[in-house]
Amino acid sequence: MTFVTHLESALDGTHLDAGSLQTTHADRPLLVRYDLGAVRGAVRRSDLDGRAWDMWRYRELLPLDDGTEVVSLGEHVTPLLRCPRLGARLGIAELWVKDESTLPTGSFKARGMAMAVTMAKRFGVQRVAVPTAGNAGGALAAYAARAGLRCDVFMPKDTPIVNQIEVAHYGARAWLVDGLIHHCGAIVRQGRERVGWFDMSTLREPYRIEGKKTMGLELAEQMHWALPDVVLYPTGGGTGLIGMWKAFAELDELGWLETPTKPRMFACQSAGCAPLPRAFDAGARFADEVDGAHTVASGLRVPKALGDFMVLDAVRASGGRAVAAEEARLCEWAHLASSLEGIALCPEAAACIDVLARGLTRGFVSPSDRVVLFNTGAAQKYVEALAVELPSLDRDALDWDTLAR
């Protein structure tokens with residue numbers, strides 16, 4: 001049994017069959033649609049209480065049927081951590097971090113790839129490929145290994161070394177490309193017919209959104225179904241923001257939310273690669289491709305996102321914004337947050353802190369707002385960006401005055 005009714009083009013609303021393998025329609029993303037009336041009749045909010053504390057607990061709102069074998073590495077519900085010291089430093093009364101770094105492979109990409117690989121296997125896919133600038137490649141490599149699928153991953157040559165190593169470690173074929181992520185994506189698309197890959201690129205299949213959607217479902221449940229005022233999300237391809245906005249709409253239609261309004265969604269990018277803030281400020285629905293994209297937050301280095309209009313639509317509908325963080329401050333913010341709260345904050349999440357600080361100064365975030373920002377990956381995966389020089393000690397001539405400071 002499944003509550004999925006059809007797939008729908010995000011751009012023009014065209015319906016497609018959910019019972020067969022689909023990619024895009026007119027080169028634009030597809031959304032999974034459900035019979036929410038039937039879901040409402042089949043499950044109550046309280047029914048969740050007896051279920052395992054993992055992302056699959058929301059199965060009625062996922063594209064599963066009774067015959068689907070879930071490909072899982074243990075995708076638990078991630079911690080929602082109150083951050084009083086960081087909040088006090090910034091001037092915000094109630095600040096929370098949803099810490100996705102604790103998921104398998106160390107990032108939020110586990111959610112999307114778990115769901116996408118589950119559905120790819122369900123439809124008989126044997127070979128998968130993906131472009132990546134960071135954590136997506138390792139996540140796909142791991143879940144492909146778990147599912148017994150062949151996997152190729154294409155990365156810019158300057159992708160963080162940990163991301164490069166983990167792809168090969170999970171048994172996938174890792175390829176370094178002289179270019180950016182969209183150049184890697186072009187190789188994947190060229191090889192779909194010639195090699196037989198199924199393209200697992202961001203938003204080029206409909207199910208990574210459904211996996212990422214569980215961030216929003218979890219957040220609602222962890223906050224006792226009373227959504228925060230503000231959600232700050234590091235946005236590269238934007239699947240997670242799109243998925244959460246979809247989750248909030250579905251929960252609203254089910255009648256599960258205790259709050260009449262949804263959060264203001266902030267798409268946080270770096271000034272080194274900020275197509276969405278530029279489009280937002282210009283009042284455009286689609287973003288122009290960025291030339292010379294550069295940022296230490298490798299997951300934000302997406303010069304042109306396939307779902308740019310979906311992110312911008314959600315941001316505007318929520319009353320939020322797309323904002324560019326100061327590139328030069330990302331490592332500083334990441335260190336500050338980690339040292340104050342003990343959370344392994346990645347540079348992408350640091351962009352959210354910068355945007356929050358700007359929002360408080362410029363008045364589009366209030367000190368009384370309940371704010372949640374997402375830490376999308378583990379700091380340990382960014383050794384080049386976050387490396388520090390440590391002092392040495394001569395154990396035979398210790399300077400105790402220095403040590404006592």
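Student: How many aromatic pairs does the structure hold?

Tutor: There are 7 aromatic pairs in the structure. A pair requires ring centres within 6.5 Å, with Phe, Tyr and the six-membered ring of Trp considered. This is a predicted model, where local features need pLDDT of at least 70 and side-chain atom pairs count only at pLDDT 80 or more, while totals for chains, interfaces and linings use all residues. Residues are numbered from 1 along each chain as its sequence is written, and side-chain values use heavy atoms, leaving out hydrogens and water.

Student: Why is the pair of phenylalanine 154 and tryptophan 197 called edge-to-face?

Tutor: Planes under 30 degrees apart count as stacked, over 60 as edge-to-face and the rest as tilted. Here the centres are 5.3 Å apart and the planes stand at 65 degrees, so the pair is edge-to-face.

Student: What does the pair tie together?

Tutor: Phenylalanine 154 belongs to strand S7 (residues 150-156) and tryptophan 197 to the loop between helix H6 (181-194) and strand S9 (198-199), so the pair ties together parts 43 residues apart in sequence.

Student: Next, the helices. At what angle do the axes of H4 and H5 cross?

Tutor: Helix H4 (residues 135-147) and helix H5 (residues 161-169) have axes that come within 8 Å and cross at roughly 15 degrees. Angles under 35 degrees count as roughly parallel, over 145 as roughly antiparallel, 65 to 115 as roughly perpendicular and the rest as oblique. H4 is therefore roughly parallel to H5.

Student: And at what angle do H8 and H10 pack?

Tutor: They pack at about 50 degrees, with their axes 9 Å apart. That angle falls in the rest, so H8 is oblique to H10.

Student: Which residues make the contact of H8 and H10?

Tutor: With contact meaning heavy atoms within 4.5 Å, H8 brings Leu241, Ile242 and Trp245, and H10 brings Met310, Val311, Ala314, Val315, Ala317 and Ser318.

Student: How do you know that the contact of H8 with H10 has no charged residues?

Tutor: Ala, Val, Leu, Ile, Met, Phe, Trp, Tyr, Cys and Pro count as nonpolar, Asp, Glu, Lys and Arg as charged, and the others, Gly among them, as polar. The contact divides into 8 nonpolar, 1 polar and no charged.

Student: Finally, what makes S4 and S12 edge strands of the open sheet?

Tutor: The open sheet has 6 strands in the order S4-S5-S13-S10-S11-S12, with mixed pairing. Strand S4 (80-82) and strand S12 (321-325) each pair on one side only, where pairing takes at least two DSSP bridges. S12 runs parallel to strand S11 (residues 264-270), joined by 5 bridges.

Methods. Axes fitted to C-alpha atoms, helices over the stretch in contact; angles between N-to-C directions. Helix = DSSP H or I, 4+ residues; strand = E, 2+ residues; numbered from the N terminus.
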